[in-house]
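Please read the points below alongside the coordinates.

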Amino acid sequence: MPKTPSIKFEIDAQQDEARAGVLTTRRGKIETPVFMPVGTAGTVKGIRFEELESELDAKIILGNTYHLWLRPGIDVIRSAGGLHRFISWDRALLTDSGGFQVWSLGALRKISEEGTEFRSHVDGSLRFLSPEVSMEVQAALGSDIVMAFDECAPGEASHEETERSMNLTARWAKRSKDAFDRLQSEGADTGRVEAQGLSGTQALFGIVQGAGHLNLRRNSLEQTVNIGFDGYAIGGLSVGEEKSVMFEVIEDIAPRMPKDAPRYLMGVGTPEDLVEAVGRGVDMFDCVLPTRNGRTGQAFTSRGKLNIKNAQFINDTRPLDESCGCSVCRRHSRAYLRHLYVTGEMLASILLTHHNLAFFLDTMRGVRQAIRSGDFPKFRREFTERLKANGE
Ligand SMILES: [Zn+2]
């Protein structure tokens, strides 16, 4: 008897490589292409869950395995009944594997075949993360989509170094899958819920690595698909390589990825990056830009980026973005937001984060609509032209 799947993915419109569809998870349906706000430590920084649910209507957010594992630790989250219950979020959650965070520690980590040893940035203690540990932590978190544990080669890595790293990622992918299957059969997943006609278990995505080397990327994809995952991600981009390299990789790899599974571009990018990657066949995105930049006074708008601290906004009574319908743009002026920012009021971060997330999510809504109505090329062209018109 065929196994009941843990997720379902259906494409209902396609225009060239751009796809619009519905990803059904055990915690609801998600229209794709989708942008997933990043909730690093169990919070999407600067915004309440009520607003994510109601006004912004985010259907899925991210959690970070590395951060949650170190603090509060999996015992706390397990005893709370999993991450959904701990943070009080009933919609879908995706957790990363911790691989990228550990990789970002640079000199503070030591990579071996077995896994990665590193010093915790919280208390300096020596910790060890491996495919098996990552799967165990993600089962304790009970996220709906789990990411395989991978290694990321630096953007400027040589072919030889990247090949070694990419093959290690493939071996770790297999170990991730084996550990994942064992944990599911043991009932370790705290988020289990039978809904939407699915199996109720977590879904597992594999990650394609290989930096800017297309032959390694293709090899990585082949090895990952051979292991077999519920979805496939492109990792290791936007880590310092040229933007042209990033798009070359996406353009080459995304259309080769399984057509019936979601394609997820990890950690990318600006609104224009998202639109361009959709045009190359990507379905899912996450990025800290809207939240992080919101906290440093930067707003993303349909006419480019805007730094609210600039003196030009002192008396500017217009909203951040005149074509944005979010509650911040409906209510507040640039002059007021600038005042909040320069006086160090926490509301500045909250309001800018809110608008930025609204802009990213609205952009994806527009993208989906355009693909469904057959207008994506026009949408893409006008979106890019508008951004350039008044950008900084
Ligand atoms: Zn707005």
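**Notes on the model**

1. Helix α14 (residues 346-372) has 27 residues, which at 1.5 Å a residue should span 39 Å; the end C-alpha atoms are 40 Å apart, so the two agree. The expected span is 1.5 Å times one less than the number of residues. Helices (H or I, at least four residues) and strands (E, at least two) are DSSP runs, numbered from the N terminus. This is a predicted model, in which local features need pLDDT of at least 70 and side-chain atom pairs pLDDT 80 or more, while totals for chains, interfaces and linings use all residues. Residues are numbered from 1 along each chain as its sequence is written, and side-chain values use heavy atoms, leaving out hydrogens and water.

2. Of the 27 residues of α14, 19 are buried (under 20% relative accessible area, 1.4 Å probe, protein chains only). Glycine 374, which follows α14, has a positive phi near 75 degrees.

3. Eight parallel strands close into a barrel, ordered β4-β5-β6-β10-β11-β12-β13-β14. Strands pair if DSSP finds at least two bridges between them; β10 (residues 145-147) and β11 (residues 203-208) have three. Isoleucine 145 stands opposite alanine 203 in β11.

4. The zinc ion is coordinated by Cys324 (SG), Cys326 (SG), Cys329 (SG) and His355 (ND1) at 2.1 to 2.3 Å; donors are N, O and S atoms within 2.8 Å of the metal (3.2 Å for Na, K and Ca), and water is not among the atoms, so sites may look incomplete. Cysteine 329 lies in helix α12 (residues 327-331) and histidine 355 in helix α14, 26 residues apart.

5. Cysteine 329 counts as buried because its relative accessibility is 8%. Histidine 355 is buried at 0%.

Terms used:
Buried means under 20% relative accessible area, exposed over 50%, partly exposed in between (1.4 Å probe, protein chains only).
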